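The sequence and the model are shown first.

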Amino acid sequence: MAKKKMSNKKFRIIWSSILGILLLLGIVVNIALYFFNDLVTSFLATVDTNTEEVQQVRSESEVVVEKIADEGIVLLQNNENALPFEDTTKVNVFGWSFTNPIYGGTGSGSTDTTAAITPKDGLEAAGIEVNEELYDAYAALELERPVIGYDGQDWTIPEPNPEDFYTEERMQQAKAFSDTAVIFIGRSGGEGADLPRSLDGPDTFDPNGSANSPSGQRFGFEDDLDPNKHYLQLSNREQGMIDTVTANFDNVVLVVNSANTFELDWVKDYQQIKSIVNIAGPGQRGFVSLGKVLTGKVNPSGRTVDLFATDLLDQPSLISFGDQGYVLENSDGSYIEAVDQNNVRLTYVDYLEGIYVGYRYYETAAVEGTIDYNGKVVYPFGYGLSYTTFEQEVVQDSLVWNDTEISVDVVVTNTGAVDGKEVVQLYYTAPYTGQIEKSSVELAAFAKTDVIKAGESETVTLSFKVEDMSAYDYEKIFSDTGSYVLEAGDYTVSLMKNSHEKIADVATKELEQIVYSEEGRSTDEQVAVNQFDEEVTGEGSIDTYLSRANGFANLDQLDGGEQFTVTTAEDETKTVTGKVIEQEFVDYINNIRYQVPADTRDEAPPTNQDNGKTLAEYTGVDLEDESWDELLDQLSVDDMVELTTHGGYKTKAIASVGKPETLDLDGPAGISQIISAAPIKGVSFPAAVMLGSTWNVELAKEMGTAVGMESQAYKVHGWYAPAMNIHRTAFSGRNFEYYSEDGFHSGIMAAAVTKAYQEQGAYVYLKHFAINDQETNRMQGVLTWSNEQAMREIYLQPFEIAVKDGGAYAMMSSFNSIGNTWAGASAPLMKEVLRNEWGFSGMVNTDFYMINEYPYMNFELGIRAGNDLILTGIAPVGLPEVNTDNNDTLWALRDASHNILYTVANSNAMEDGINTDTPQWVITTIIIDVLFVLAIATGFFFVFRRKAVK
């Protein structure tokens, strides 16, 4: 163009095309910004974290974090009183994880820990001098904590090669520095995958390898490969470290930094290891507490929330856990993976163990003489040591045991020389007649004392309802409907140190049979009867559950599946654990997942009415009040669709009823923007395991209050927490988010957090509802088979307590299926149990939703079943198409909108009001658009004004 003059025609063609393309690009960008305006607004939003209010609540939260860690660290062993250290103790800390510890877990339960206190800082703050030369040597290795995330996991355990690292020179330097050694071991977990049960195999690592692996090996360090070891055992490199350290030091303390129960039976072979301390994810300031515990500035008072087995794989719940899929047999005898009509692989997990989860199995098996308890158990549930000693004694004549309640006073005396706190635990033993399964012991009540000075006492009152000792008769032996039953026989209440060690029998009483079938339990709004017969019985269900009868004689009959070589939907070959099914079963699941029933209503609900009502008028108005109809009539169909399909980290503003937009964020360890776009980084609280390990309900309340105050400061309304699924096994990737293996213990802690948080004006989303106790295949709607007794007594119990006692306003349904039905589409779960039995008034959101990724999460079936909104985190991508021509769907949308509006009306979102301000980025975009259009127009003007070339 510079060398040769161009004709007007050619000039105009070229530059008109350029300007036209620029104009088209501008239009495309504006269309994209229009459709994604919510996401852009969220990403570009700013939160002033330097305000006095924010700084004040963060400071208060950090105090609570440290208090939780003070009481959540569990002292498991303390031979020869090796702990506490003297204030000026010098220590050698071995283990790379000391330089890069586990603060919590990954995924939606993770938090920002960039400002967290390191273990080294925590020990030094307590007066401990750490061997800097040894510490620097670990840091110089430049290892990284492998990523355990949604898209893939690297389970490499970062440790140096013992032969190369623990040289004679290095060990001599360490011994010269101090005669005391601390061994620091860390294990992580996270959302999206369960922990590997083999350190060399296809169920452990990505077969394509991991770019994050420090060694470049697809399986991590080659010398750590061991098919006979699992992730919660010592790796080969760690074993080498242990052997070297114990060969050089006689005074060794083991610190286990893990929320998942670590296998510790091996410690008995090392007399040099005097003490063991377990610290789950401690959050922002928890490692300060570790230093205080090691030096005795804090007397440890944590208790285990899981039973520590000698062999974590040797328990009934591991018979069926992880990746198990249905297969179809071809006519030639080969096998293919079974998939539904949308190519979703059909997977399953069988809760074959019934109620015998964790301590319920081991304690009962010991009573039955089936196992040698000491050979199978390292530490019981509820176990923990102190630097002092306590004596617990039932106060004479304090027992009250009437027809409704059992209450007893326990005097706790500090008989040692150090001030400290004690946990008081009450268990009951119900008669086992062979008709309804019963654990030999069940936790009934617990409490934690205040600090008791040496030589002084405190009296604690524990109580529970008589009906709480009833068991659920799902087999309909005592009624035609299924019901809770208090069988006739002797019931014993015992004061215990933990699930195994009895202090004293409080009382034994013979009770008459009570069947709660006509008149339900006192806390039920509707009599509890079998609700899940259609979901968990029939095709695909479990024929045989573990029974206590004859000393668990049928344990060997439990079958989790067989090994098959199958062809996948991608035409690949692999080996799977599974069951052979017929095509009819696939058709059956397709029908349940995708068949929307025909319309049963002749008329659509009223819409677009001008009644002059606003949501602000309905604060405090009962959900069932008829006056809600006037407000609901004002909603348009589009209003209801917008409200129910845009539930990702918010609920939408609806102008027709004056509903403000809300901001709802993750997660169980504090307000977090890790997954969502909101630029908020709340204080990192300890993992739920650590809070559970405090056994301190008052601390749970303090956490709820602290997070609630942060929510107010950040203008956050909904909190995706507490998480309260069960530690069914030690290998669930999200155990860090869940309190314990016991439903009652989990429920009490969650209810305290819930009530305290909501008292600050916001609302929780209890999650994941329900029976979502493994990560493997959860997003394929894994068919989770159980019986209703286990469901009600263990897996639903924490939610029940948090609803009834905590008053939860919102719930998050789970990815998995309850038997054959996606949890969000289970009307028995969402309506009958949750609302009608428990009296829940509020809204239910799904877990993360993208219709193309999770087609089994059928919106219309969910909305009809009582799942009110969907967590469309990247809307408008993944939104469902809603059939607004169906009257049943429209009425379901109205009910769902009612539940959402009720929840928001009773939250502090109403104080914030509707934000009518145009976002700054929109204003800036408009200005840029105007200038852009003017520039393009000017360009066209000059193009066509160009004079002809002479």
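A residue is called buried when its relative accessible area is under 20%, exposed when that area is over 50%, and partly exposed in between. The model discussed here is predicted. With a relative accessible area of 34%, Asp-311 is therefore partly exposed.

**Two aspartates around strand E7**

Asp-311 belongs to the loop that runs between E7 and strand E8 (324-329). A polar atom of the Asp-311 side chain lies 3.0 Å from the backbone nitrogen of Leu-313, and once neighbours within four places in sequence are set aside, Asp-311 is in contact with Glu-263 and Tyr-362.

Gly-369, which follows H10, has a positive phi near 80 degrees.

Asp-306 is found in the loop between helix H9 (286-295) and strand E7 (308-309), and at a relative accessible area of 6% Asp-306 is buried. Its side chain makes a polar contact of 2.9 Å with the side chain of His-727 and also reaches the backbone nitrogen of Glu-741, at 3.4 Å. Beyond its neighbours within four places in sequence, Asp-306 is in contact with residues that include Thr-261, Pro-380, Phe-381 and Ser-740. Although Asp-306 and Val-689 are 383 residues apart in sequence, their C-alpha atoms are 9.5 Å apart in space.

**The loop between E28 and E29**

What surrounds Glu-775, leaving aside its neighbours within four places in sequence? The residues in contact with Glu-775 are Gly-190, Glu-191, Gly-192, Ala-193, Asp-194, Gly-733 and Arg-734. Glu-775 itself lies in the loop between strand E28 (763-769) and strand E29 (783-785), and its relative accessibility of 2% is why it counts as buried. A polar atom of the Glu-775 side chain is 2.9 Å from the backbone nitrogen of Gly-192, while a polar contact of 3.0 Å joins the side chains of Glu-775 and Arg-778.

This loop between E28 and E29 also holds Ala-770, which is joined to Phe-769 by a cis peptide bond with omega about 10 degrees. Ile-771 is in the loop between E28 and E29 as well; Ile-771 is not a glycine, yet its phi is positive, at about 60 degrees, and with a relative accessible area of 2% it is buried.

**Other loop residues**

A cis peptide bond is also found between Asp-666 and Gly-667, with omega about -10 degrees, and Gly-667 lies in the loop between strand E26 (662-666) and helix H17 (688-694). Asp-397, in the loop between strand E12 (390-394) and strand E13 (400-401), has a positive phi near 65 degrees and is exposed, with a relative accessible area of 76%. Thr-111, in the loop between strand E2 (90-94) and helix H4 (119-125), is buried at 14% relative accessible area, and its side chain makes a polar contact of 2.6 Å with the side chain of Ser-684.

**Two helix pairs**

Two packed helices are described by the angle between their axes and the distance between the axes.

| Helix pair | Angle | Axis distance |
|---|---|---|
| H16 (residues 637-645) and H24 (residues 887-905) | about 60 degrees | 9 Å apart |
| H20 (residues 788-795) and H21 (residues 797-804) | roughly 50 degrees | within 5 Å |

H20 is thus oblique to H21, and their contact is made by Met-791, Arg-792, Glu-793, Ile-794 and Tyr-795 of H20 with Gln-797, Pro-798 and Phe-799 of H21. By class, the residues of this contact of H20 with H21 are 5 nonpolar, 1 polar and 2 charged.

H16 and H24 are likewise oblique to each other, and H16 passes H24 in a left-handed crossing. On the H16 side the contact is made by Val-637, Met-640, Val-641, Leu-643 and Thr-644, and on the H24 side by Leu-890, Leu-893, Arg-894, Ala-896, Ser-897, Ile-900 and Leu-901. The residues of the contact of H16 with H24 comprise 9 nonpolar, 2 polar and 1 charged.

Key. Residues are numbered from 1 along each chain as its sequence is written. This is a predicted model: local features need pLDDT of at least 70, side-chain atom pairs count only at pLDDT 80 or more; totals for chains, interfaces and linings use all residues. Side-chain values use heavy atoms; hydrogens and water are left out. Helices (H or I, at least four residues) and strands (E, at least two) are DSSP runs, numbered from the N terminus. Buried means under 20% relative accessible area, exposed over 50%, partly exposed in between (1.4 Å probe, protein chains only). A polar contact is a pair of N or O atoms within 3.5 Å; within protein, one must be able to donate a hydrogen and the other to accept it, and residues adjacent in sequence count only if both atoms are side-chain atoms. Contact means heavy atoms within 4.5 Å. Axes are lines fitted to C-alpha atoms, for helices over the stretch in contact, and angles run from 0 to 180 degrees between N-to-C directions. Angles under 35 degrees count as roughly parallel, over 145 as roughly antiparallel, 65 to 115 as roughly perpendicular and the rest as oblique. A crossing is left-handed if the near helix is turned anticlockwise from the far one by less than a right angle, and right-handed if clockwise. Ala, Val, Leu, Ile, Met, Phe, Trp, Tyr, Cys and Pro count as nonpolar, Asp, Glu, Lys and Arg as charged, and the others, Gly among them, as polar.
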